[in-house]
Amino acid sequence: MSGIRNVGNNGTQVGGITVNTPYETDDGGVKVDDFLNLMIAQMTNQDFMNPADDSQYVTQMAQFATMQSMQELSYYSQTSYVSSLVGKTVTVASLGLGGSVKSETGVVTSISLSNNEYLITVNGKQYELNQIMNINSTGNSVTQTDLENAGKMQPIVNKQGENSISIRWEAPISDELRKGELRYDVYITDNGQVDFSSLAGVKKNGELVGEDLTDTNFDITGLEPGKTYFINIVVRNQNGDQAVYQQAVTKTKDA
């Protein structure tokens, strides 16, 4: 099985990380050695006038071996499944205050094993496998072509204050599952004479006021009253491809 190998008494190695298998570390379970010791003790102390049937031992050994093989197969199947999640976009759910359900979409960046329970990491947070609501079965990631749709879109100004501007914007793709892959940087300038429409121009001439955002709403603060500002957004996918939106122009309220 690709990416998984047995390392003897030390456990099983998955993607370079050694983890212990439940049937190797569960001290509460009956192992092969325990079964053999019990069988030897039973044979040693049996009534020789009424000896046990040898065929019973053979049957019990076969049943025990089958049970252990099924445990191992189940473990390796789960390990293979969890390993396959890395790099995929998933939607996970958790309970919030008052019993409300919160969902979050993002790419599985790593897996870990804690108390024989697998945990996945999505957007920097850990979740159990039973919290997965949806998996992007298509395996499609946001492409550079998808990002270029941003060039047809513009940030929307929700509210202007004397020292602040609230903006929002739409993701360049409609696929809700893949939206979790996107990250946004917000740039601003008060110089209307510079290039603030191209990717290079925005990065060169703008001030970065919001970085690595996942939410498509943002409040820009620390501005001057009664001043005109140019705002733009740079979007990127998990591969590092980038694109830029159309610039928005707005003015803060007079003092």
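Two strands are taken as paired if DSSP finds at least two bridges between them, and strands (E, at least two residues) are DSSP runs numbered from the N terminus. The structure shown is a predicted model, in which local features need pLDDT of at least 70 and side-chain atom pairs count only at pLDDT 80 or more, whereas totals for chains, interfaces and linings use all residues. Residues are numbered from 1 along each chain as its sequence is written, and side-chain values use heavy atoms, with hydrogens and water left out.

**View 1. The five-stranded open sheet, with the order E7-E6-E5-E4-E8 and antiparallel pairing.** Strand E7 (125-128) and strand E8 (132-135) stand at the edges, and because each has a single partner strand, one side of each is left without a neighbour in the sheet. Neighbouring strands of this sheet are turned by 45 degrees against each other on average, direction ignored, where the axes are lines fitted to C-alpha atoms and angles run from 0 to 180 degrees between N-to-C directions.

**View 2. Strand E5 and its partners E4 and E6.** Strand E4 (residues 89-95) runs antiparallel to strand E5 (residues 101-114) and is joined to E5 by seven bridges, with Thr89 standing opposite Val107 of E5. Six bridges join E5 to strand E6 (residues 117-122), again in an antiparallel arrangement, and here Leu113 stands opposite Tyr118 of E6. E5 and E6 form a hairpin with two residues between them, and Asn115 in the turn has a positive phi of about 55 degrees.

**View 3. The three-stranded open sheet, with the order E9-E10-E13 and antiparallel pairing.** The edges are taken by strand E9 (156-160) and strand E13 (217-220), each with a single partner strand, so one side of each is left without a neighbour in the sheet. The twist averages 25 degrees from one strand to the next. Strand E10 (residues 165-168) is joined to E13 by four bridges and runs antiparallel to E13; the bridge partner of Ile165 in E13 is Ile220.

**View 4. The nonpolar cores.** A nonpolar core is a set of buried Ala, Val, Leu, Ile, Met, Phe, Trp, Tyr and Cys residues joined through side-chain atoms within 4.5 Å, buried meaning under 20% relative accessible area (1.4 Å probe, protein chains only). The largest nonpolar core has 22 residues, of which Ile167, Trp169, Leu182, Tyr184, Val186, Ile220 and Val235 touch the most other members. E10, strand E11 (183-189), E13 and strand E14 (228-236) each supply at least two residues of this core, and E14 gives the most, with four residues. A second, separate core of 12 residues includes Leu85, Ile111, Tyr127 and Leu129.

How values were computed:
Buried < 20%, exposed > 50% of the residue type's maximum accessible area, 1.4 Å probe, protein only.
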